[in-house]
Amino acid sequence: MTAPEPIKSILLVEDDPQDVQLILAALEQHHLADKVFVAHDGAEALDYLYYRGTYEHRPRGYPVLVLLDLKMPKIDGLEVLKTIKSDALLKAIPVVVLSSSRETTDLTECYRHGVNGYVVKAMDYQGFMTSVRQIGAFWGKLNEPPPN
């Protein structure tokens with residue numbers, strides 16, 4: 001008898017409700033994650049990762065992927081990325097920035113701080129859905145995550 005597959009979860013950090021709905025729809029449509037937790041700003045994302053506040057008693061374990069927007073209230077995406085990649089317990093979690101920014105400084109800073117991928121949000125519906133599906137398929141299905 002084989003052990004049951006671990007639940008694969010994704011942490012989506014996005015403050016735009018419309019983008020949240022589209023991303024969730026794309027991931028669900030293609031069954032790319034068992035659970036998707038949504039944080040609406042960087043502070044909530046860090047609370048989730050560090051089991052703080054309302055996430056103090058969440059089940060132990062880390063997501064197989066953090067999908068991270070850059071331009072957010074409270075704590076921006078770059079600060080979240082820096083925190084994740086500078087923490088020995090969190091740095092192995094893949095982080096993919098999903099942003100509308102094509103600014104060279106954003107790209108450079110994200111890669112300098114260890115982002116695993118940077119995807120510019122497509123402006124059209126089909127392109128957006130295809131991008132999310134491809135990200136989810138690779139990181140949620142094909143990639144072997146580090147052991148928790």
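**Reading contacts in a predicted model**

Colleague: How many salt bridges are there in this structure?

Modeller: The count comes to 8 salt bridges. Keep in mind that this is a predicted model. A pair is counted when a side-chain nitrogen of Lys or Arg lies within 4 Å of a carboxyl oxygen of Asp or Glu. One of them joins Glu 14 and Lys 121, with the closest N and O atoms 2.8 Å apart.

Colleague: Does Glu 14 count as buried or exposed?

Modeller: The cut-off for buried is under 20% relative accessible area. Glu 14 has 1% relative accessibility and therefore counts as buried. Lys 121, at 9%, also counts as buried.

Colleague: What about Lys 71 and Asp 106?

Modeller: Their side chains meet in a salt bridge, at 3.1 Å from N to O. This pair links distant parts of the chain, with Lys 71 in the loop between β3 and α3 and Asp 106 in helix α4, 35 residues apart. Asp 106 is buried, with a relative accessible area of 13%, whereas Lys 71 counts as partly exposed at 46%.

Colleague: How far apart in helix α4 are Glu 109 and Arg 112?

Modeller: They are 3 residues apart, so about one helical turn separates them. Glu 109 and Arg 112 form a salt bridge, and their closest N and O atoms are 3.1 Å apart. Glu 109 is partly exposed, with a relative accessible area of 23%, and Arg 112 is exposed, at 57%.

Colleague: Which residues do salt bridges with shared partners join into one network?

Modeller: That network is made of Glu 14, Asp 19, Asp 69 and Lys 121.

Colleague: Where is Ser 101, and which residues does Ser 101 touch?

Modeller: Ser 101 is in the loop between β4 and α4. Leaving out residues up to four places away in sequence, Ser 101 touches Lys 71, Asp 106, Tyr 118 and Val 120. Two of these, Lys 71 and Asp 106, are the salt-bridge partners discussed above. Ser 101 itself is buried, with a relative accessible area of 6%.

Colleague: Which residues of helix α3 are buried?

Modeller: In α3 (residues 77-85), they are Gly 77, Leu 78, Val 80, Leu 81, Ile 84 and Lys 85. For a helix, look down the axis and see where such residues point. In α3 the buried residues fall within an arc of 160 degrees, so they line one face of the helix. They pack against α2 (42-49), β3 (65-68), β4 (95-99) and α4 (104-112).

Colleague: What is found at the start of α3?

Modeller: A side-chain oxygen of Asp 76 comes within 3.2 Å of the backbone nitrogen of Leu 78.

Colleague: How many aromatic pairs are there in the whole structure?

Modeller: The search finds 3 aromatic pairs. A pair is read by two values, the distance between ring centres and the angle between planes. For Phe 37 and Tyr 48 the centres are 5.0 Å apart and the planes stand at 35 degrees, so this pair is tilted. Phe 37 lies in strand β2 (residues 35-39) and Tyr 48 in helix α2, so the pair ties together parts 11 residues apart in sequence. Phe 37 is partly exposed, with a relative accessible area of 29%, but Tyr 48 counts as buried at 3%. Another tilted pair is that of Tyr 51 and Tyr 62, 6.2 Å centre to centre with 55 degrees between the planes. Tyr 51 is buried, with a relative accessible area of 13%.

Colleague: Which residues form one aromatic cluster?

Modeller: Phe 37, Tyr 48 and Tyr 55 form one.

Colleague: Where do Arg 58 and the charged end of Arg 60 sit?

Modeller: Here the reading is charge against ring face. Arg 58 lies over the face of Tyr 48, 3.8 Å from the ring centre. The charged end of Arg 60 sits over the ring of Tyr 51, at 3.6 Å from its centre.

How values were computed: Residues numbered from 1 in each chain as written. Predicted model: local features only at pLDDT ≥ 70, side-chain atom pairs only at ≥ 80, totals over all residues. Heavy atoms only, no water. Buried < 20%, exposed > 50% of the residue type's maximum accessible area, 1.4 Å probe, protein only. Helix = DSSP H or I, 4+ residues; strand = E, 2+ residues; numbered from the N terminus. Arc of directions from axis to C-beta. Contact = heavy atoms within 4.5 Å. Polar contact = N/O pair within 3.5 Å; in protein donor to acceptor, adjacent residues only side chain to side chain. Phe/Tyr/Trp six-rings, centres within 6.5 Å; stacked < 30°, edge-to-face > 60°. Lys NZ or Arg CZ within 6 Å of the ring centre and 35° of its normal.
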